[in-house]
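Me: Please show me the structure. I will then ask what its labels rest on.

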Amino acid sequence: MEWTEVKIYTEHTGVEALSDALIAAEIDGLMINDPEDIREFERNKNASWDYIGEEVWELCGKDTFVTVYLDKDDPTALEAVRGAVDSLKWRDDVGSLEMKFGTVADEDWANSWKRFWKPMEVGEKLVITPSWEEIPENTGRVNLTLDPENSFGTGRHHTTRLCLELLEKYVKSGDTVCDLGAGSGIISIAAMLLGANTAVAVDISADAAKTSHENARKNGIPDEKYIAICGDVTTDRGLVERISREGGYTLVTANIVADVLIAMADVFRELIAPGGTLILSGIIDNRKDEVFEVMKSRGFELIEERGCEMWNAAGFRTI
C-alpha cells in the first residue's frame, strides 16, 4: 500500500492551530517537526540532560512543519487536509502553510532506514555491525552485533566511541565488569567480547535492561555470564547491595551525564576492587573539572582522558 505524505509548513506560533484544525477534520497521526521545542528544552535549567546531540538538530532541521500520511486512494482525506489549511489562511501567525507532497510505501517505513546503518569501526579493535549486514571479513577486529532500532546507544555518538576507545585499552582478560547506565549494553558487551569474564549491566529503564540482555545473547554471551538489571543505584540501597561482589569489580563503566556521574561517585567507590579501573564518559567540557574533582575526592586517580568536540571520557584507578 502507498501513502501520500503531506508536509504543511508553518511557524512555532501556528503549530497548535494547524494541529487542531487537522484533528477537527478527522486527520490523525500527525507528526510535528518544531525546532523551537528543542530550543526551549535547552533553555530549561531544570532539564535532566546535559546536552542535546548534534544528531537531533540534523534530524529536526530549521523548518517547522506538520506531516500527515493519507491513503493514496482516498481523495476525500486530501480534500479534508486542504480544507483545514484553507481555514487558517486568514491568520498572520501560522506561516506560509505551503504544502509539499510525496509518496511513501509501507515497506519504506519498515526498512528504508536500514540503508543508513552499515558496519562501523570503533577504536582499534571493534567493529559494530547491524544484524542484517554481513560481518566484515579479514578486518582483524572483534565484531559486536547491535541493531539500532531497539537500542539505547549504538556507538555513533562521541560519548560512546570515547568510552569504547578507553575500554579496549584497559579491559583485561578475566575482568569482572559493572556497567551503570548500560543502555543498549554496548559497553559491557564490548568488554565481554574483548576478554572480560562476567558483566552486570544496570539501567534505570526496564526497556534498556531488556535490550542489553537481548543484545548480549545476539553476541553469543551466555546468560550466566551476563546479568541485566533495572534500577537506580543512586536511590536504591538494596540494589547496590544486590549487585556488589566480594572483592569488588575490576572494571566499572558509566556513560551517562555529569550530574548522574557525580551522584554515583560513592557507588563507584563501593563497587570497584582495589586497583580497579573506572571508565566514565558523557562529560561535557564545562563539567569536566567538576567531575574529575569529585572522583579525586573519592580516591580515584586520573590515568587518561580523551575528548572529541565538546565531549570527554576518562579512565581512573583506585588509589
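Me: Which residue stands opposite Val202 in strand 9?

Reply: Leu180 stands opposite Val202. The model is predicted: local features need pLDDT of at least 70 and side-chain atom pairs count only at pLDDT 80 or more, while totals for chains, interfaces and linings use all residues. Residues are numbered from 1 along each chain as its sequence is written, and side-chain values use heavy atoms, with hydrogens and water left out.

Me: What makes strand 8 and strand 9 a pair?

Reply: Five bridges link strand 8 (residues 176–180) with strand 9, in the parallel sense. Two strands pair if DSSP finds at least two bridges between them, so five is enough. Strands here are DSSP runs of E with at least two residues, helices are runs of H or I with at least four, and both are numbered from the N terminus. Elsewhere along these two strands, Val177 stands opposite Ala199.

Me: How do you know which other strands pair with these two?

Reply: By the bridge count again. Strand 8 has four bridges to strand 11 (residues 249–255), and the two run parallel; Asp179 stands opposite Thr253 there. Strand 9 has five bridges to strand 10 (residues 226–230), also parallel, with Val202 opposite Ile229. Between strand 9 and strand 10 the chain passes through helix 8 (residues 206–218), and this β-α-β crossover is right-handed. The word right-handed is used if, with the strands pointing away from the viewer, the path from the first strand over the helix to the second runs clockwise.

Me: Why is strand 8 called largely enclosed?

Reply: Five of the five residues of strand 8 are buried, so the rest of the structure largely encloses this strand. Buried means under 20% relative accessible area, exposed means over 50%, and partly exposed lies in between (1.4 Å probe, protein chains only). On one side of strand 8 the buried residues are Thr176, Cys178 and Leu180, and on the other Val177 and Asp179. Strand 9 (residues 198–203) is mostly covered, with six of its six residues buried.

Me: What makes the approach of Ser188 to Asp179 a polar contact?

Reply: The two side chains come to 3.4 Å. A polar contact is a pair of N or O atoms within 3.5 Å; within protein, one must be able to donate a hydrogen and the other to accept it, and residues adjacent in sequence count only if both atoms are side-chain atoms. Contact in general means heavy atoms within 4.5 Å. Setting aside neighbours within four places in sequence, Ser188 is in contact with Asp179, Ala199, Ala201 and Tyr226.

Me: How do you know that the buried residues of helix 12 line one face?

Reply: Helix 12 (residues 285–297) has Arg287, Lys288, Val291, Phe292, Val294 and Met295 buried. Seen down the helix axis, they fall within an arc of 160° and therefore line one face; the arc is taken from the directions from the axis to the C-beta atoms. The face turned away from that side carries the exposed residues Asn286, Asp289, Glu293, Lys296 and Ser297. Among the elements covering the buried residues are helix 10 (258–263), helix 11 (265–271) and strand 12 (272–284). Just after helix 12, Gly299 has a positive phi of about 90°.

Me: What makes a group of residues a nonpolar core here, and how many residues has the largest?

Reply: A nonpolar core is a set of buried Ala, Val, Leu, Ile, Met, Phe, Trp, Tyr and Cys residues joined through side-chain atoms within 4.5 Å. The largest has 33 residues, and Ile128, Leu164, Leu167 and Tyr226 have the most contacts inside it. Elements that each supply at least two of its residues include helix 6 (158–170), helix 7 and strand 9. Apart from this core lies another, of 32 residues, including Leu261, Val267, Phe268 and Met295.
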